[in-house]
Amino acid sequence: MENLCVKVHQLSKSSRYTSLLQKRLMTQSRTPVQYASFSEVQQLPEKQSIAITFPLQDLAKFLSPNVDKSSFYIFKPNQRDIQTAEMFFIPSKQHIIDYSTSAVRMDHAPEMPEPEVCFLGRSNVGKSSLIKALFSLAPDVEVRISKHPGHTKKMNFFKVGKFFTLVDMPGYGFKAPKDFAEMVEPYLTQRTNLKRTFLLVDAKEGIQEMDNIAVEMLEEFGIPYVLVLTKIDTASKSVMAKNVLQIRDFVEKNAHTCFPQLFPISSLNYTGIHVLRCFIAHVTGNLPLSTE
């Protein structure tokens, strides 16, 4: 890993490399590439850079001074950590990032020794879009996104070199696969290399009844999970603030295995994506955070 980090870090410092990477992204990816790389975000004015990198901090200024915001700052990597984490999401000949395989049942799931994280949520909450945004610096990775809910019917595995695997799980609720429980519960309870489950919640809707059921399942099985607030570009500041505070209170009262900090993201403009990449690299054991 040290050699990979050194090599990618040296390349990332080269303006020529950055230019070539951006040109390649623009020609090969249908996803907007502006701010996909943290180096672009760093070039913005400080206020805008913080809003994209740390959306919870940006939201804090809209809240009453009396509101407890301590849970907003639990995971707060510095710029060097975020830059290092981004290296894991940039492919090379020595570091292959790609779709690996799919499975419809646990006994069909591939044996992979690397640490895993999985993404779970209601149909149309934006799981596949989020994974595509995470892989925006690897435009050859095929992440299928449909305009219709319930597109993901299988567990889809994406390998990030030899370091970790991302798993896109089928959505629950509307148009969920009939054998959803038989597919998902054994994975969550039996996958020994699963390090964290990311439970996605729509920013405009907050935690819904089906999300409550998912939370109860994760809590019952004692599975460590994180709540991710998706599509924040579609929610007003007032709606987002209301849902963030409600979710914070919900976690404090009802959750025991949930990481107390919420991760708001936008797959459209990459808000929160850079810190989420850093959190994934950290919880998979590949990135100790700086002490500075």
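Here is a short tour of a helix pair and some aromatic rings. Keep in mind that this is a predicted model.

Start with two helices, H7 (residues 127-134) and H11 (residues 273-283), which pack with their axes 10 Å apart and at an angle of about 85 degrees. Angles of 65 to 115 degrees count as roughly perpendicular, so that is how H7 sits relative to H11. From the H7 side, Leu130, Ala133 and Leu134 make the contact, and they meet Ile273, Leu276, Arg277 and Ile280 of H11. Sort the residues of this contact by type and you get six nonpolar, no polar and one charged.

Phe89 belongs to an aromatic cluster together with Phe88, Tyr99, Phe135, Phe158, Phe163 and Phe164.

Across the whole structure, a search turns up 15 aromatic pairs. One of them joins Phe88 and Phe163 edge-to-face, with 5.4 Å from centre to centre and 85 degrees between the planes. Phe88 is in the loop between H6 and S1, while Phe163 is in the loop between S3 and S4, so this pair ties together parts that are 75 residues apart in sequence. Both Phe88 and Phe163 are buried.

Next come Phe135 and Phe158: their ring centres are 5.8 Å apart and their planes at 50 degrees, so this pair is tilted. Phe135 sits in the loop between H7 and S3, and Phe158 in strand S3 itself, 23 residues apart. Phe135 counts as buried at 3% relative accessibility, and Phe158 is buried at 3% too.

Notes: Residues numbered from 1 in each chain as written. Predicted model: local features only at pLDDT ≥ 70, side-chain atom pairs only at ≥ 80, totals over all residues. Heavy atoms only, no water. Axes fitted to C-alpha atoms, helices over the stretch in contact; angles between N-to-C directions. Helix = DSSP H or I, 4+ residues; strand = E, 2+ residues; numbered from the N terminus. Parallel < 35°, antiparallel > 145°, perpendicular 65-115°, else oblique. Contact = heavy atoms within 4.5 Å. Nonpolar A, V, L, I, M, F, W, Y, C, P; charged D, E, K, R; others polar. Phe/Tyr/Trp six-rings, centres within 6.5 Å; stacked < 30°, edge-to-face > 60°. Buried < 20%, exposed > 50% of the residue type's maximum accessible area, 1.4 Å probe, protein only.
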